[in-house]
Each structure stands twice: as structure tokens, then as C-alpha cells.
Amino acid sequence: MNGSDSVQGALPLLVLKIISRRGPLHGYGITTRIEEISEEMLSGEEGSLYPALHRMEESGWVSAKWVITENKRRARVYEITAAGRKQLKEIEGRWRAVTAAVGQVLQRA
Amino acid sequence: MSWFSRLANVFRSDRLNHDLENEIRFHLDSRAAEFGRRGMTPAEAARAARRRLGNESLARETSRDVKLLPWLDSIVRDTRYGSRMLCKSPIVTAAAILSLALAIGACTAAYSLIDALILRPLPVRDPEGLVYLTYPSDRPGAPEGDSFNYPLFERLRDASREKVELFGVSWPRPRDVTLGNSTEKIRVQFVSGDALAILGVKSALGRLLNAEDDRYLGESPVAVVSYEFWMRKGGHPDILSQLLDYIEPSSTTRTNNTKRRLQIVGVVQRGFTGVEPGVKVDAWIPNMMFSPEAFTIADWEWLRILGRPKSHVTREQAQHLMQQTLLDYRHDHPRDFRKQINVRSAANGPSVIRKAFERPLWILAIVAGLLLLIAGSNVANLLVARSAAREQEMALRLSIGAGSRRLVQQLLIESGLLAGMACLLGVGFAHAVGPAVVSRLLPTGESAYLDLGLNWRALGLLALIGASATALVGLIPAFRSSSVSPGDVLKAGSNRHSTRRGLLRPLVAAQVAFSVTVLFTGGLLLLSFQKLSTLDLGFFRSGIVFFDLDGLCERGQPAALQLLDRVRQFPEVQAAAYSAWALLNDNQWISKVKIPGRTDSGQTYQLGVSPGFFDTMGIRLLEGRDFARRDLGPNASAVVVNEAFARSLFPGQSVVGKQFDRDGDLLEIVGLVRDAKYLEIRETPPATIYVPLRAQGDGDAVLTVRAADAGRIAPLLRQEILRADPSVKVSRVTLQTTLIDNLLVRDRLLAMLSGFFGMVALLLVAIGSYGVLSYSVVQRTREIGIRMALGARAFQVIRLVISEIAVTVALGVVAGLAGGFVLGHYVTSLLFEVKPGHAATVLFPLLGLMLVCLFAALPPTLRASRLNPVAALRQE
């Protein structure tokens with residue numbers, strides 16, 4: 001009911017944007033950030049974030065490392081890379097173009 | 001992350017799992033903490049957090065697949081799992097690996113021997129273009145001959161100069177050569193001057209022989225040596241100015257030994273050791289430097305003829321030309337017995353060892369192949385039985401989503417592990433067996449040299465064998481397992497046995513058939529060897545020692561006789577005598593005989609012996625008398641003949657007192673002795689006459705000594721001879737037992753291998769039968785339990801269990817006997833007085849097999865008969 005397909009498709013875009021703006025974050029942090037901003041609209045299966053994160057890590061768009069949080073817990077923190085920034089610009093551009101086009105069609109149809 | 005770190009992760013999967021788990025755990029904990037802050041109880045918070053997360057395992061698995069190479073990971077995991085499974089049933093695993101290893105080892109050893117001896121081409125230029133000449137033997141069934149005399153060789157060479165470049169090589173001969181102040185026994189070979197050039201061999205130093213060196217008799221004292229010989233002597237270029245001394249032994253009883261001094265003019269390229277695989281030659285000398293008599297005595301056959309047809313000449317044309325030349329030659333030399341000359345390919349070099357061992361080696365290969373099949377089907381049996389026991393596990397894995405491809409992969413990996421370990425063991429085994437077999441190929445005292453190293457071909461074949469062993473072993477259970485329907489298996493429990501048994505029966509039958517074939521053929525060879533080793537030779541087989549005495553005849557008759565008396569008085573010596581050479585030692589002397597007054601003539605073998613020879617050798621005197629001292633005089637004409645001679649020339653008459661003509665001499669028979677083998681151990685003794693051995697001129701003789709423990713007193717006697725007459729040199733000491741053993745090398749080898757392979761085959765059948773029967777009993781436990789509860793007795797149960805496999809075994813035996821007969825025909829030429837249809841040869845494998853099957857079947861059947869019906873039924 002939360003349109004999880006669209007979230008899945010947009011996950012890389014969302015994640016890259018968030019950590020480019022907010023700096024390095026761990027998986028949970030990214031999830032809560034998405035919830036905050038989208039007001040719980042885009043909360044699907046949270047678990048699907050992690051495979052996406054790892055895929056991005058494999059592709060070199062983000063880099064990850066283990067850090068110790070303030071609560072003395074070990075967490076894996078992801079940071080955007082230069083290649084990631086380039087990728088972000090590309091995906092974002094495409095997304096905006098698509099959205100604009102769809103918007104046009106909806107308006108004029 | 002690169003491909004490389006993904007690869008590494010496959011082997012660090014534990015850490016990877018740990019990391020992924022921790023990452024998600026952190027998420028869950030954080031979420032639960034937040035819910036806790038909102039007021040949920042810890043339990044509720046945890047549950048809610050998990051719900052929010054969704055499918056945790058899916059997320060983890062997907063992440064995992066992203067972070068490593070899934071295909072490699074599945075292989076590594078299957079390998080680990082497979083080895084764990086194999087270790088769970090160590091005995092079965094060990095049996096499977098051992099049987100495969102033995103079979104693979106035997107195959108590899110056979111292949112490397114065959115490759116070294118038969119398949120590998122000579123290290124010369126264009127070995128495919130080489131040919132050599134042979135002619136059919138005048139004895140039916142005997143292999144082709146390939147020794148020619150010099151006049152015929154000359155004729156052939158000159159006649160075919162335009163079409164074929166022919167050259168002659170002698171047999172490699174052992175000689176003691178002295179270089180500087182060191183003496184070494186090496187093999188030398190006499191060759192035509194242009195031999196090395198035609199072969200396309202290059203020189204590493206100096207020059208090769210050329211046609212000039214081979215033009216005039218005795219006038220080119222030069223030699224070229226092998227690369228290894230040069231290295232052994234220091235490897236300095238100054239070897240080119242050094243001189244090689246050796247002694248060319250005299251060829252007849254009437255001529256001297258010749259001392260020769262040759263100058264080394266070159267060193268041959270590395271890797272060339274002659275045209276004969278298995279024999280290392282260290283020096284090549286021009287033909288013209290051989291004994292002068294070799295060029296004048298018409299029937300001295302000492303050359304092998306090889307050649308290279310010119311590019312436009314076909315084999316048929318060459319053959320036609322040789323045949324024409326032979327016919328021309330026979331016009332001038334009507335006594336030559338050759339009727340035809342064949343031109344054969346010499347790409348692998350003509351070889352004495354190969355001639356004698358070609359067929360046995362192929363038989364070895366076939367038997368090794370059969371063993372591989374037996375072992376493979378054995379292992380398949382074992383794996384099938386085991387996979388059936390694991391059916392439930394398989395069904396479970398299928399039901400939770402493992403694809404059938406994964407199952408097949410897992411089983412293939414498991415059997416691949418088996419085959420891999422077996423291959424490794426097998427290679428080790430082959431490395432041990434190969435040299436052991438080779439060291440038995442040539443008679444003791446001669447070192448056989450075969451390059452048995454692991455080369456690319458062997459490696460390729462081993463890989464092929466390993467792969468086919470895997471396929472053989474793993475495919476059947478793999479396909480069967482993947483076709484099970486999980487539901488059926490899980491429902492029926494252990495009731496699914498009928499389909500499995502259908503597969504086991506042909507496997508068992510095949511196993512039995514192969515084993516019977518191996519046993520049958522092995523039995524033939526063993527029987528043949530047994531007959532040969534107990535054959536009556538006409539003289540004593542043991543308790544005799546031969547001393548080759550150089551320079552005896554130079555000392556003259558009285559000194560020789562004095563020495564003989566000295567030896568006879570030596571303690572423990574029972575008898576002693578001289579002969580020109582030892583019987584069955586590759587020497588012969590044939591002459592024409594004629595009866596005065598009759599027109600027909602015949603041939604006879606001759607041997608010069610001293611008085612007392614017959615007694616020493618154990619050749620029974622039937623009529624007349626032995627030689628006496630007076631027969632040693634120059635004009636005496638006494639001769640002793642054997643039964644074969646008497647039968648062929650004086651049939652039905654008493655021969656003592658009769659006379660005949662031999663090469664112009666008139667001889668009178670004074671005694672008749674029993675037949676004794678002369679040249680070939682497998683042939684009937686030929687007509688033989690014994691003439692008195694006169695110690696005169698320059699010649700050697702063999703001192704034959706009979707003693708109870710010949711081996712022990714031989715060295716003592718040698719000292720005694722040196723002391724008695726220091727000018728006589730004992731060049732060789734041979735025991736009669738060794739001499740005869742050397743003649744039976746090939747047969748002994750085959751018998752040994754047959755015995756060994758037969759035992760292995762029986763062992764494999766035992767393992768297989770045991771496995772199959774055990775499995776059958778286990779599978780039918782429920783059925784047996786019901787039968788026994790209904791009143792069946794123990795023996796009825798046993799009959800039930802065994803009857804099923806008895807039919808299979810019987811079928812296998814019949815098939816195996818049929819196969820045995822077929823192989824037996826191929827083997828016939830190697831057998832001695834044994835025919836494949838012989839009752840004993842059929843009985844022996846059958847009895848052996850039945851005994852083994854019985855023995856193997858005992859434990860499972862006992863187990864079946866002692867089943868407690870209640871426990872059996874409760875097993876479900």
C-alpha cells in the first residue's frame with residue numbers, strides 16, 4: 001500500500017541525495033531520514049535498503065566503513081564518492097525530466 | 001569493491017555473514033530502541049522492528065550475493081559440505097578412493113610406458129619420414145626379422161641411392177671404454193657414415209660422422225659421443241682431442257680380440273641417445289671400424305637398415321625397389337633365405353624392447369582400462385547406495401528451493417573430490433610402478449632407459465581419465481537424485497527402494513563381467529608362466545654357474561685342462577667343464593651336414609664342449625660315450641649328437657658308429673644325448689651336434705661349474721681361477737638361474753601384473769558386492785521384518801536377499817567369460833602351451849569370484865537373518 005515499487009526504483013537516488021547533503025550516515029540513519037522528509041509516505045520494507053546500499057558500494061558510488069557511535073555500538077557508515085556524485089547528477093537529471101514529462105502529459109491529456 | 005575482493009569474500013564468508021548480520025542487527029536494535037522510547041515494551045518493540053524491516057533473511061542473502069561471486073561461493077560450500085559428507089563414512093570413502101586410485105594409477109603407468117616405448121617419436125628431424133626394412137621370418141608365427149648382412153646392405157644402399165637414403169646401424173653393444181684414466185661401460189653403436197646426417201641429428205660440438213669415415217675398412221678411427229657422456233666426462237671442449245680405447249671382442253673362436261683407439265671428433269645434440277627407445281647409446285662409430293669378418297662372412301647378420309625416402313618417393317615405390325634388389329642379390333647369393341623385404345615406418349624408432357613388449361603393453365593397457373571401469377562402477381554403486389540414504393535430505397533441500405541444478409552440482413562436486421584425490425594417489429602410484437616395471441623389462445645387468453617423466457600428454461590423459469572417472473562416478477546418482485519428486489520422498493519415508501535397485505543390477509553385472517574377464521586373461525598368463533618356469537630344458541635349471549674366460553685358448557690345451565682340474569678339486573664343486581658358450585645365451589653356430597652316399601643334406605646346430613660337459617649340465621647320455629682326452633687331438637673326429645639329430649638324419653637306426661660330413665670334415669658319432677634347448681626356450685630342441693672344444697688360437701670359452709650352492713661359491717671360485725692362472729681373465733659370471741630368468745622376463749612381468757590386477761579386481765568385486773548387499777538389506781528392512789513376523793525363517797530371508805543378486809552375478813559371469821575368450825585370443829601369441837578353452841582357466845576365475853562374493857555377502861546376510869522383526873517395523 002505504500003507503493004514499494006516506486007520506492008525500490010528510487011532508492012539509489014534517494015540514498016545518494018541524502019548522504020550527499022547530510023554527510024556519512026549509517027543504514028538506519030538513512031531510513032529515518034527518508035521517513036522524516038517524506039512523512040512516512042515512503043516507508044516500505046526497510047530491509048530492502050541494505051541490498052541497495054551494498055550494490056551501490058560494489059558499483060563504487062559509495063564507500064563504507066565501520067565506526068563506533070556515541071552509544072558505543074558498531075555501525076557501518078556510508079559516504080558518497082566522487083563517482084557517486086556524478087551518478088547522482090545523472091539520475092537526478094533523468095528523474096526530473098521524467099517527472100516533468102509525466103506532469104505535462106497529465107496536465108494536457 | 002572490485003572483482004578481486006568479491007573473490008576474496010568467497011573464502012571469508014564467515015566474516016561476511018558476521019558483518020551483514022551485525023549491520024542489520026544495529027538497524028533492528030535502533031528501531032526497537034525508538035519504539036521503546038515511544039512506549040512499547042521491549043518484546044513488542046523488537047517484534048515491531050522486525051515487522052518494519054521485512055524479510056531479514058532475504059535482505060541478507062541478497063546483500064551476500066552482491067558482495068561475493070555466487071557461483072564460486074556455491075562451489076566452495078558444496079566442496080566443504082561434500083568433504084564433510086565423505087568423511088562421515090570413512091570406510092566407504094576410503095574403499096572408493098583406493099579402488100579408483102589403483103585403477104587410475106595402473107592406467108597412467110600403462111600409458112606412460114606405451115608412450116615412452118611405442119608412441120613417442122624419435123628426437124630427430126621429421127621422424128615421420130623415417131623407414132626401416134624388415135623381412136618375414138622363415139619360422140611361421142615368429143616376428144619379422146630386421147638384421148641384415150653387410151653385402152646385402154651395400155647392394156640395397158647402392159641400388160636405391162636415387163630414391164631412398166639408406167643407412168645401417170648395428171645393435172647397441174656394451175663395451176668397456178677408457179677415456180684418459182677412467183673406464184666406463186657404455187653402449188656403442190656402429191653406424192653408416194651418413195647415418196646421423198640422414199637422421200637430421202645436429203652436433204653440439206665438433207662434427208658428426210660423414211660418408212668419408214665409412215669408406216675404407218678400419219681406416220677411420222673416429223667416434224662421436226652423446227651429450228650426456230660428454231657431460232659426465234667434464235663437459236670441456238677439449239674432449240675433441242681425446243682418445244677412446246676399447247676392446248672389440250673376437251667374433252669367432254679363431255680370431256683375436258682387437259684393441260681399438262678412436263678419436264672423438266664430435267658430440268651429438270642434447271637429447272639424442274640413439275634410434276632405439278629404451279636403450280641409451282653413448283658413442284657412435286663408423287661401420288667400417290667393426291670386426292673385419294663382419295664384411296666377409298656371408299651370413300653374419302649385424303645391421304639394421306633404416307632410411308629416408310626422398311620426397312617424391314612413396315612407400316610402395318621404395319618397397320618395390322627393395323624387392324627388386326633383393327631378387328638380384330639372391331641370384332648371386334642363392335643361400336639367402338629372405339623372400340621379401342618390407343618397408344616399415346620408423347617414426348618411433350625400431351626397438352628390441354618394443355618388439356618383445358608391444359603386445360603385452362597393449363594388454364596391460366586394456367586390463368588397466370577394465371580395472372578403471374570396474375572401479376568406476378564400484379564407486380558409482382557406493383555413491384548410489386549412499387545417495388539413496390540421503391534422499392530425504394535431498395527432498396528437503398529441493399522443497400525449500402534448491403534448484404535441481406544445485407543438487408546435481410553438489411553431487412558432481414562430491415564425486416569430483418573423490419576422483420581428484422584418487423587421481424593424485426594414482427599418479428603417485430604410477431610413478432612408483434612405472435620405474436619398477438621398466439627395471440624388470442630388460443635383463444638384469446642392462447639398464448633400461450625410458451623417459452617416463454610426466455609430460456603434457458600424460459597430464460592431458462590424466463585429466464581426461466579424472467574427468468571421465470568423475471562423470472562415470474557422479475553422473476548416474478546425480479541425475480537420479482534430481483529427478484526425485486520431493487513430496488513422494490518425504491511421504492514414503494524409506495519405502496522408495498525399487499527404482500534404485502533397478503540401477504544397481506546392471507552396475508553389479510558389469511563389475512562382475514569385467515572382473516571375470518580380467519581374471520580369465522590373468523589366469524591364462526599365469527598358467528603360461530608357470531608352465532615355462534617348470535619346463536624341462538634338457539639340462540639342469542639351477543645349481544650351475546658360468547664363467548666367461550677371456551684368453552683361455554691362448555694358454556693352450558694343457559694349461560686349460562690343468563685349470564679345469566684345479567676347479568674340479570675346489571670344495572663343493574660337483575662337476576666342471578668347458579663349452580664355447582652357454583646354451584640359451586643367444587649364441588649359435590649352424591652348419592650343413594651330409595650323409596655320404598645320400599643326396600639330401602640338412603642343417604644342424606653345433607656347440608664345442610670339453611669332456612664332462614654333459615655330466616655337468618645334466619644332459620643325459622643315452623648311448624655310446626662322452627668325449628675323452630684323446631678326442632681333443634687335432635685329428636680326432638669324434639662327435640656326440642642329440643636325439644633330434646638322430647631322428648632327422650638316421651631315423652629308426654642306432655647312430656653310434658655312423659659317420660657324416662660336416663662342411664667337408666668327416667665326423668664319427670661316438671655318443672647320443674637327450675635333446676636340450678639351444679637358442680629358444682619355447683621351441684623344441686633342434687638337431688644338435690657337440691664337437692670337442694679345442695683350446696687353441698685366440699678364443700674365449702665358458703667354464704661351466706655345477707655346485708649345490710652355485711651362487712655362494714661363485715665369487716670364491718673366481719678368486720681361485722685368478723690364483724690358478726693369472727693370465728686368464730674372468731669377464732663375466734652368470735648363474736644359470738639368472739640366465740633363464742632373463743629369458744622369461746616378459747612372461748614373468750605379465751604373470752606378476754596378472755596376479756596383481758586379478759587381486760585388485762577381486763577386491764573391487766568384494767567391495768562392490770558388500771556394498772550392494774548391505775544397501776539392499778537396509779532398504780528392505782521393513783519388508784524383511786514383516787516376513788519374519790509372519791513366520792519366515794532365517795534361511796528363507798537369506799535366500800530372498802541373495803537370490804536377487806545371484807542372477808545378476810550369474811549374468812555378469814557369462815558376459816565376463818565371453819569377454820575373456822575374446823581377450824584370450826589376442827593374448828594367444830604370448831601363451832605357452834595354454835589354450836583359452838582349457839578347463840583350468842575357466843575354473844580358476846569362477847572359483848575365485850564365487851569365493852569372494854560369498855565372503856563379501858556374509859556380513860549383510862547374517863545381519864538380515866538376525867533382524868528383530870519388531871525393531872525393523874518400528875524403524876519407520
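This is a predicted model: local features need pLDDT of at least 70, side-chain atom pairs count only at pLDDT 80 or more; totals for chains, interfaces and linings use all residues.
**Ground rules.** I kept in mind that local features need pLDDT of at least 70 and side-chain atom pairs pLDDT 80 or more, while totals for chains, interfaces and linings use all residues. Residues are numbered from 1 along each chain as its sequence is written, and chains are lettered from A, with ligands numbered from 1, in the order in which they are written.

**Entry 1: overview.** I looked up the secondary structure of chain B and found 26 helices and 22 strands. Helices (H or I, at least four residues) and strands (E, at least two) are DSSP runs, numbered from the N terminus. Chain B has 876 residues, and 40% of them count as buried. Buried means 20 or more other C-beta atoms within 10 Å of the residue's own; exposed means 12 or fewer, partly exposed in between, with C-beta atoms placed from the backbone.

**Entry 2: P845(B).** I found P845(B) in helix 25 (residues 839-865) of chain B. Is P845(B) buried or exposed? It is buried, because it has 26 C-beta neighbours inside 10 Å. Leaving out residues up to four places away in sequence, P845(B) touches V516(B), L519(B), F520(B) and G523(B). Contact here means C-beta atoms, placed from the backbone, within 7 Å. I also checked G758(B): it lies 87 residues from P845(B) along the chain, with 8.9 Å between their C-alpha atoms.

**Entry 3: helix 24.** I compared lengths for helix 24 (residues 794-827) of chain B. Its 34 residues should span 50 Å at 1.5 Å a residue, and the end C-alpha atoms are 46 Å apart, which agrees. The expected span is 1.5 Å times one less than the number of residues. Helix 24 of chain B has a kink of about 35° centred on I802(B). The bend is the angle between axes fitted to the seven residues ending at a residue and the seven starting there. Its buried residues include V801(B), I805(B), T808(B) and G812(B).

**Entry 4: strand 14.** Which way do strand 14 (residues 590-594) and strand 15 (residues 601-609) of chain B run? They run antiparallel, joined by five bridges. Strands pair if DSSP finds at least two bridges between them. K592(B) stands opposite Q603(B) in strand 15 of chain B. Six residues lie between the strands of this hairpin, where G597(B) takes a positive phi near 95°. Strand 14 of chain B also pairs with strand 18 (residues 659-662) of chain B, antiparallel, over two bridges. There, K594(B) stands opposite D661(B).

How values were computed. Two residues are in contact if their C-beta atoms, placed from the backbone, lie within 7 Å.
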